[in-house]
Amino acid sequence: MSDYIDSKIRARINQKLKKDTHTSLQDGFKGRKTINEVLDKPTVMTLHKMITDGTISGVDGSVGAGKESLLFLGEDTDSKHIALKIYLVTTSNFKRRIKYIQGDPRFSKFRKNTRSIVHLWAQKEFKNLTVASQTSVCVPKPIRVLNNVLAMEFIGQDGKPAPTLLSCAVDENDYKEAIRMIQQLYMKGGLVHGDFSEYNVFKTGKGLVLFDLGSAVDRRHPSAESFLYRDINNINRFFTKRSVLTRETSAILKEMSIW
């Protein structure tokens, strides 16, 4: 009986996938293979729950892929685009991410099986986005997290995600804004991104938007300062390659009363 119910739910989800799922994704997966991988029974049930409770009205299709998650374009009940980040429960990469959980006082106890880690990672990113959105750092506004699915504001136009710094021309103002993001996230939000780079910052007409905050740790984490140092060095390296004058990492940290 449960398999029959699951097949009906899967059919309903598939009807919501409006775009051609045979389109190649950025990581080389084929859409159909990827969707079959993501939509295991628990994920199907999660999406169904989000449809029935009014969080989303539909799922248009995948607009991006990574090693640990897929980004789907969804719609809310007002037909407005939202982003659905689906964390891959089948991947083993999350076990390598334990270092970003252990030592964070917000997550003192957790199960180390893959599914529990993935669900915790989704909750962690939702919590980090919530904290960051309450500061002056621009991030996608979180909407809801359920199991391995995170619903949040979609950053882009006409169903296409905004470009990242990597694919844009950049200048001194972009650099200043990127550094300000790192500083404000730490000083006002008490967080260190932990994976800050040109790959995780959108450039929009209204300014920069920071995303992928799953790795972000509380500044009380024992490795917080080393992660912070690495974040600043990473973004300095990128802007230096783009011939933008950068500042010494030590001077930036000193402004934050760390050095």
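Biologist: How many helices and strands are there in the protein chain?

Modeller: This is a predicted model, where local features need pLDDT of at least 70, side-chain atom pairs count only at pLDDT 80 or more, and totals for chains, interfaces and linings use all residues. Residues are numbered from 1 along each chain as its sequence is written, and side-chain values use heavy atoms, with hydrogens and water left out. Helices (H or I, at least four residues) and strands (E, at least two) are DSSP runs, numbered from the N terminus. The protein chain has seven helices and 11 strands.

Biologist: Is C168 buried or exposed?

Modeller: Buried means under 20% relative accessible area, exposed over 50%, and partly exposed in between (1.4 Å probe, protein chains only). C138, at 39%, is partly exposed. C168 has a relative accessible area of 15%, so C168 is buried.

Biologist: How are α5 and α6 oriented to each other, roughly parallel or roughly antiparallel?

Modeller: Helix α5 spans residues 172-187 and helix α6 residues 224-241, and they pack at an angle of about 175° with axes 11 Å apart. Here axes are lines fitted to C-alpha atoms, for helices over the stretch in contact (heavy atoms within 4.5 Å), and angles run from 0 to 180 degrees between N-to-C directions. Angles under 35 degrees count as roughly parallel, over 145 as roughly antiparallel, 65 to 115 as roughly perpendicular and the rest as oblique. Therefore α5 and α6 are roughly antiparallel.
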